[in-house]
Amino acid sequence: MPGSSDRRYIRLEVINGKNLLPFGRTPAGIYVSIDVDSRRRWKSAISVLSSDESVAWGNVVTLSSHASPALSVEIRASYEADRMLGSGEVVGKLQMSWDELLDHGDEPFMLSFPPVCDVHPSLTLKTAVVLACDDQDGALSDSLVDCEITRGTDAGHAQFVEYVTSENVSHLNAALEHFQLVLDQCPVSHPDHATALTNLAHARLEGYARNDLQDIDATISLFRDALALRPQRHPDHSLALYNLTKALNWRYNEEDTAADIREAAQLYHELLPLCPEGTYLRSIAAGANGVDYVIDECNDLPIDASDEGIHLRRVVLELCPLGHQLRPRALRELAHAVEARFDQHGSIDDLDTSIQLRREAVFLCPEGHADRDVHLDNLALSLVSRFDHEGKPDDLDEAISLHEEALRLRPVGHESRDLSLDNLGGALIARFHKCGDIDDITRAISLYREALTLCPYDATALGNLALALDTRYDQLGVSEDLDEAIDRRRESIRLQQHDHPERHVNLFNLSSALCSRFTQTQENEDVEEAITLCQQSLAALSSLHPHRYFSYMWLQKAYLSRYQILHDPADLSLAIENFRLASRHPTQGFPERIVTAQNWVTAAEEHSHTSALEAYNTCFDLLDGHLATRSSTISRREAATAFSGARSLPVDAASCAIRHDKLRQAIELAEQGRGQQWSLASRLRTSVEDLESANPNLAHNYLELSKLVSNAAQSSSTITDRAAADRAATEYRRLTRQWEATVAEIRDLRAFSRFLLPPLYEDLQAAARQGPVIILIASQYSCNAIIVPTSGDPHHVPLPSVALVELNNLKDRFARAIRHASVMGPKQPRNDLIVLLRTVWDVIMLPIVNVLQHDLKLKYHSRIWLCPTAAFTSIPLHAAHPFKTNPDGSKEPCLEDLYICSYTPTLSALVRSRQGMKRRVTPSFVTIGQGQPRGGKGKELLAVDSELELVHKLVPATANRTTISGDAATRAGALQALQENTWVHLACHGKQDPAQPYDSHFVMKDEHLTLLDIMERDIPHAEFAFLSACHTAVGDEETPDEVIHLAAGLQFSGFKSVVGTLWEVDDAVAQHVVKAFYEHMFEDLKDGGAMDCTKAAWALNRATHAVKTTVPLEQRMVFIHIGV
């Protein structure tokens, strides 16, 4: 470029640089330094090094060329983003004339520096000659600093570079000496103390890494001190974190100290968010020698189920964001840790968390992924554990499917095939216990034998085979299976060390097998050894370990087995005590404990032990707890029906209390056991009017949480995705705990100490306020009736002529007689029914009537309520009739001649209906009819429209009357009508679903109006419903003590008084009963009276009497009244 170099001003723009990495140390940034003369230096900004080892500046300076004949340019690394100590490390240095600088014209050009270790640093510059200005040196920002600590620091950096490039330890010693002298001159209060600490520490770390220095502990202490002086928000905080993690990694690599790698993980968790993407610090911190190394090493640490260990695993997982190659392994290790905590403490939240983590791991390892088999197996094992804990069949089905897939991925010759064989075998055994298919056990044994051939000296494989053989022995009784099971178990124990964490499992399982052999052979040494083994297993377990449950169980089995042979009462007491401990062990799942409590009941009843009532109470408490974990009504029923023995528990418990002369407790037990489904469904609808007066804030909290729990339950019932369902279940459980905490707070108030607890006799007696309630108990131990009077103690009515077998036979005979009558002509005598109704009168109702008349002095035509249980629910008790003529020619009165009969599903249901009568509104009446359903949903009901017209005429004009029929009678239309009206008459097909009673329904034009639809509506202002449809008051076959039918559902939703049907209704004949009913129901309204749903029972009684000559017997009996 033309012009003299004597008096020129040159504008220099430093654009960027490449290949600018310093030696062996991560810089805070890179800057460019230009020596203008012997006194002055220009420095660019310190800019962050990018991951590609480049830097962008864009700094501009104007220099005077007359000050020096040449230009000295340096690229330097700064190890401080804040206050620098010294000039940093030289990355590149170059001297050039001004003319060389200006030879490139106005275009940017690259300035290359001499290579260092085959690395070629370069800068991109741009120059231009500019006019002189008054402030020509104003851009020279820094003066050269010359002091002892600066010189010492720079000398240390220079020696350190020499050490790195030459590997001559003398240079390391010189660097350490310089850095130590600087540190000595920078005490703790000095602003450069942290920098001096870091310089010395880093030189020491490099020496340690190259085996030229042995002491790493002092180096880490230096880095710790430096970090303490550079807290959060300090510009050098992130680099201080990184330096310490690097040192910890080195020490862990050499000394294998787990605390170091744990701390490094925590530090990286703090560091990575501080490192912007694209920076060099981010690239090395997140690279293979940085956080990935830490993740790998943490994943290899032993499982630690402590809170601290799980926290570390969560930190490691957060270091592996979505897309990170190590995330599946991190998910697996965290799942291992939380499931280990579940194994120790039994918290279902931990198991759910484990399953969610394992689901994600499976998702991240699709078909073809090398680790898919591992994650499939792990997820399946967790699902089996949850099945054991909660009893959800879907978990077991999914687990078996996953295990099958994993086994396919591990063909013969695969190193992990034995694990898949063992795991699938365990799942099949679990399914056998659930379904009883012997093929599952046979296949499990086959799988275990194959696994044992692959690992003949594996204690777990031996134990698994022993368990399967023992299980098959229990089913088939083949003694060879039992003997082999014992031998395999002993061999497994011999192969295990005494401190093996699973040794206790072999001990109590061997104990169980020995008990089985003792029962067979009565060899006393077997049972003695069994007791000793269980005691040893208990000694090895902490007080809350879930497996203590099994030790208690098999110890119980041993004592009970010996009692049954030797009849020592002490053995029975010890067996009962272990039943008690097992059923109340808090960290074992509900299903196992419920079965144990049921077995306790059986043993106590069989041996007439005084703990029987305690056992029944334990059963109910456990069932309540178990069902409360289910979010939906249907899932609660499924959970209840999974326990076959639970069906008769309420009546058996009541029978037990009766046999112990505890009538009040009998009523309480029957109510608690029979009303579980309804009470759990209604707990979120409990009125809090009194609580609102006493504590408005608490009442508000309770109502809000009830709403949240209810919403969570409804939303979870529609989820089909398993992972989403697991998350919903966890959220439901979280809300339920908050709700339960609020309930506990309410119970702390003196006046509300029984809030939502099972009602006491004093509470239940409110059901008898308008007349006695007769509870009919049908138990395998005895059949009885208990009369709850309006006041005073209950009355026991023995039914000695009735046994449960005979009652079931009577129920079946009624069903056949009703079917036979349905095809008979209207004038033909119903002789079969007459015989059966006479039997009901003689052996069931007459003893009760005698007590009502002679002990309670109950007046004729008083109201009574029947509360049947078990087989009694399928017998038309209200129609009991002597069919006798007295010597004077008069007819002996039947039950409905003597009293006005109603039914109630439970006493609590009747109490709730009575309480609801306090809220009365202006009546509105809707008639809903559907006689022509679509899609073959039932035959055409020709009389429906005429029935609706008839009812419409009979309803008082003062009521707001509407009719919904034909195309308007849809599911949605019917639901809306139910919610908007206080009185309802429904004429259509009704269907009770015996397999799934909540699917019982009324047939509408489009979709079914189900019992569940009705139950999910809360209609507190509703009063009366007449269900002119078939099977609306027939109970659930699977749980006969849970009266789940359409009429009860309407009562639950808010209708206080309901007329329903026990079997099929002839719609043409039914009109006679309907007409007579409404004529009697509204006869007083001509004189200005009000519509009163409490008259329904009387009106039905009068109607059935009025139509005796026109309506066949079975069509009069079909209608019953439920409620107030």
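Some ground rules before we start. The model is predicted, so local features need pLDDT of at least 70 and side-chain atom pairs count only at pLDDT 80 or more, while totals for chains, interfaces and linings use all residues. Residues are numbered from 1 along each chain as its sequence is written, and side-chain values use heavy atoms, with hydrogens and water left out.

A word on names. Helices (H or I, at least four residues) and strands (E, at least two) are DSSP runs, numbered from the N terminus. Axes are lines fitted to C-alpha atoms, for helices over the stretch in contact, and angles run from 0 to 180 degrees between N-to-C directions.

Let us begin with helix α4, residues 193-209, and helix α5, residues 217-228. Their axes come within 8 Å and cross at roughly 150°. That makes α4 roughly antiparallel to α5. The cut-offs are these: under 35 degrees is roughly parallel, over 145 roughly antiparallel, 65 to 115 roughly perpendicular, and the rest oblique. α4 passes α5 in a left-handed crossing. A crossing is left-handed if the near helix is turned anticlockwise from the far one by less than a right angle, and right-handed if clockwise.

Which residues of α4 and α5 meet? On the α4 side they are A194, L197, T198, L200, A201, H202, R204 and L205, and on the α5 side A218, T219, L222, F223, D225 and A226. Contact here means heavy atoms within 4.5 Å. Sorted by class, this contact has 9 nonpolar, 3 polar and 2 charged residues. Ala, Val, Leu, Ile, Met, Phe, Trp, Tyr, Cys and Pro count as nonpolar, Asp, Glu, Lys and Arg as charged, and the others, Gly among them, as polar.

Next, helix α24, residues 612-628, and helix α26, residues 649-659. They pack at an angle of about 150°, with their axes 10 Å apart. So α24 is roughly antiparallel to α26. The crossing of α24 past α26 is left-handed. From α24 the contact takes A612, L613, Y616, C619, F620 and L623, and from α26 it takes L649, P650, D652, A653, C656 and A657. By class, that is 11 nonpolar, no polar and 1 charged residues.

The axes come within 8 Å and cross at roughly 130°, which means α41 is oblique to α42. Left-handed or right-handed? α41 passes α42 in a right-handed crossing. α41 contributes V1073, A1076, F1077, H1080 and M1081, and α42 contributes A1096, W1098, A1099, L1100, R1102, A1103 and A1106. The class count is 10 nonpolar, 1 polar and 1 charged residues.

Now the sheets. Two strands pair if DSSP finds at least two bridges between them. β7 and β8 (residues 122-130) run antiparallel and are joined by 4 bridges; S112 has S122 in β8 as its bridge partner.

Another open sheet has 3 strands, ordered β18-β19-β20, also paired antiparallel. β18 (990-991) and β20 (1008-1010) are its edge strands. β18 pairs with β19 (residues 1001-1003) over 2 bridges, and F1002 in β19 is the bridge partner of G990.

Last, the aromatic rings. Rings of Phe, Tyr and Trp (its six-membered ring) pair if their centres lie within 6.5 Å; planes under 30 degrees apart are stacked, over 60 edge-to-face, and the rest tilted. The count comes to 14 aromatic pairs. In one of them, Y702 and F755, the ring centres are 5.3 Å apart and the planes are at 80°, so the pair is edge-to-face. Y702 sits in helix α30 (residues 696-716) and F755 in the loop between α31 (722-747) and α32 (761-764), so to speak distant parts of the chain, 53 residues apart.
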